[in-house]
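Colleague: Could you walk me through this model, one question at a time?

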Amino acid sequence: PRSTLFPYTTLFRSPGQVPPAAAGTVAAGLGVKGIPSELVILVDISQSMAASRHGLYPQVQQELPLFMSALAKQEPQDTVGVVVFGAPADTQTIYLGPPSGSVPLPATANSVGTDFGAAFKQAVNILNQAPASVQVGGVLLLSDGELYAPDDKEYDNYQAPGWQKLRSRVASLSVPVTGYGLPLTTDQTAINGVNQALSAVFGR
């Protein structure tokens, strides 16, 4: 059957304060608790995430392993992919397998660019090859929401042609997929940026 295109959900929290049930909260929000699922986590490694700027990447380095460890206990049947992204050349899958607290995140965030489109494309590629047991998929975006992809005409702005292609690909996946944002700051500009990136792929 064709995928149901779910509206994205955003979980708000204060910087540096991740409740112990964060993994369960995300699983429940995605509608995947207790169901074989595939979750793709997109981690922004652009310069704007570095300690010298917003200081959000060190927070991701600290909290993502905790989240994955909690997920391993609560949803061990799941498959998780972790994609780091910045400029297209730096966008790659660094982990794909069962939930694990040992994720080889880059030491620093120093990529010149924030190509959300290339990141979502990688996520869709992973979901398109999900194990047959997977019944539902999710994409979790960890970013400060600053789109910067001047050399990628497919995704350099939200009116570029690649975004419609992504929406079509998500809608044609064999499992329903939810886009999910976990803002890393209370700054409304950053939150709006994350929402806009998710909206461009998941609608509403």
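Colleague: How many residues of strand E2 (residues 37-44) are buried?

Modeller: This is a predicted model, where local features need pLDDT of at least 70, side-chain atom pairs count only at pLDDT 80 or more, and totals for chains, interfaces and linings use all residues. Residues are numbered from 1 along each chain as its sequence is written, and side-chain values use heavy atoms, leaving out hydrogens and water. Buried means under 20% relative accessible area, with a 1.4 Å probe and protein chains only, while strands are DSSP runs of E, at least two residues, numbered from the N terminus. One side of E2 has Ser37, Leu39, Ile41 and Val43 buried, the other Glu38, Val40, Leu42 and Asp44, so by that definition the count for E2 is eight of eight.

Colleague: Where is the pLDDT below 50?

Modeller: pLDDT is the predictor's confidence in each residue, from 0 to 100. The protein chain averages 85, and 82% of the residues score at least 70. Where pLDDT is low, the predicted coordinates should not be read in detail. Here, the stretch below 50 is residues 1-21.

Methods: Buried means under 20% relative accessible area, exposed over 50%, partly exposed in between (1.4 Å probe, protein chains only). Helices (H or I, at least four residues) and strands (E, at least two) are DSSP runs, numbered from the N terminus. Contact means heavy atoms within 4.5 Å.
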